[in-house]
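Here are my notes on the model you sent over. Have the structure open while you read, and go through the points in order.

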Amino acid sequence: MAALSAMAAAALMAGLWMRARRAYVTSLERDRERRARLAVAEERARMTRDMHDIVTHNLSVMVALADSAAYVRHSAPDRAAAAMEQIAATGRQALQDMRRSLGTGRGRAASGEDRLQEMLRPAPGIAELGPLAERMRAAGLATCVRVAGDTEAVPAAAQLTIYRLVQEALTNTLRHAPGARADVRVEVSSRRAEVEVTDVRDPAVPGSPGPLGAGTWASGPRSGLPGDGRGIAGMRERVAAYGGTLDAGPVADGGWRVLAVLDLGAPR
């Protein structure tokens, strides 16, 4: 009886262990599949955000430049020609950004070395906010950028997030606030980043751009493009990846402010 009881108990324990083992392996496989689906969904979301930012920004700038070139083509042909050159440069930049975001090297980068150089090219960061402001000024949006703090301490991924936040906010100002000027403030440290973009509108010229300034081609009305509602949502997703907060809304003087705070200590 003792021997039979021991054998039965051993068989029972072996059966229970095998069943627990199979359940554990099954849970691991399910967890791996779930992680794979989440990774695919996150990559799709990232590509969607990047494509939205790249296409919306560059098309808005190109439309503004094209409208300005058409407006001054008779009175200032040299300015119209320069605007057309800026349109071409903006289009080429958009193609490069799209190839980098999609991870492809087609087009002129046909050789393996060219594709490698395209992939190794650094993503835009805080240092590219100056050229971004120049492109916006060329499109007719007076833009001022102020950066404070140690930018070298900010990781490359966080710098790309900061760049995209500023790019989207400036694009919204260009499209929806003709005649406004944009003030960009970026303060960073190794643990925290604060990004503020405020558009200040001129009530004297509602619905029309401000006076022509240095390097500005918008001496006529801007038509812009209708919004798709993805801008603010995309910015919230980017900020949420760093456990931060985003505040976007009107200000007292009739303008609009976007304030994002990123926690750089432990990105999610």
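1. A quick definition before the sheet: two strands count as paired if DSSP finds at least two bridges between them. By that rule, strand 4 and strand 5 (residues 256-263) are a pair, running antiparallel over six bridges. If you want a spot to look at, Thr245 sits opposite Val261 in strand 5. Bear in mind throughout that this is a predicted model.

2. Five strands make up an open sheet, ordered 1-2-3-5-4, and the pairing is mixed. At the edges you'll find strand 1 (142-149) and strand 4 (245-250), each pairing on one side only. From one strand to the next, the twist averages 5 degrees. As a reminder, strands of a sheet pair through backbone hydrogen bonds, in either a parallel or an antiparallel way.

3. Of the chain's 268 residues, 37% count as buried.

4. Helix 2 (residues 77-102) has 26 residues and reaches 38 Å from its first C-alpha to its last, close to the 38 Å expected at 1.5 Å a residue. Its buried residues are Ala80, Ala83, Ile87, Thr90, Gly91, Ala94, Asp97, Arg99 and Ser101. When you look at that list, keep in mind that an α-helix has 3.6 residues a turn, so residues three or four places apart point the same way.

5. Is helix 5 mostly covered or mostly open? Mostly covered: 17 of its 21 residues are buried. Its length agrees with expectation, because 21 residues at 1.5 Å a residue should span 30 Å and the end C-alpha atoms are 30 Å apart.

6. On to the largest pocket, which holds about 440 Å³ of space. Its lining has 14 residues, and those nearest the centre are Glu42, Arg46, Arg49, Glu237 and Ala241. By class, the lining splits into eight charged, five nonpolar and one polar.

7. Which helices each supply at least two residues of that pocket's lining? They are helix 1 (2-72), helix 5 (156-176) and helix 6 (230-240). Helix 1 gives the largest share, with six residues.

Technical notes:
Residues numbered from 1 in each chain as written. Predicted model: local features only at pLDDT ≥ 70, side-chain atom pairs only at ≥ 80, totals over all residues. Heavy atoms only, no water. 1 Å grid on protein atoms, 1.4 Å probe; cavity = no way out; pocket = protein on both sides within 12 Å on 5 of 7 lines; lining within 4 Å. Points joined across faces, edges and corners; volume = space filled by probe spheres on them. Helix = DSSP H or I, 4+ residues; strand = E, 2+ residues; numbered from the N terminus. Nonpolar A, V, L, I, M, F, W, Y, C, P; charged D, E, K, R; others polar. Expected span 1.5 Å × (residues − 1). Buried < 20%, exposed > 50% of the residue type's maximum accessible area, 1.4 Å probe, protein only. Axes fitted to C-alpha atoms, helices over the stretch in contact; angles between N-to-C directions.
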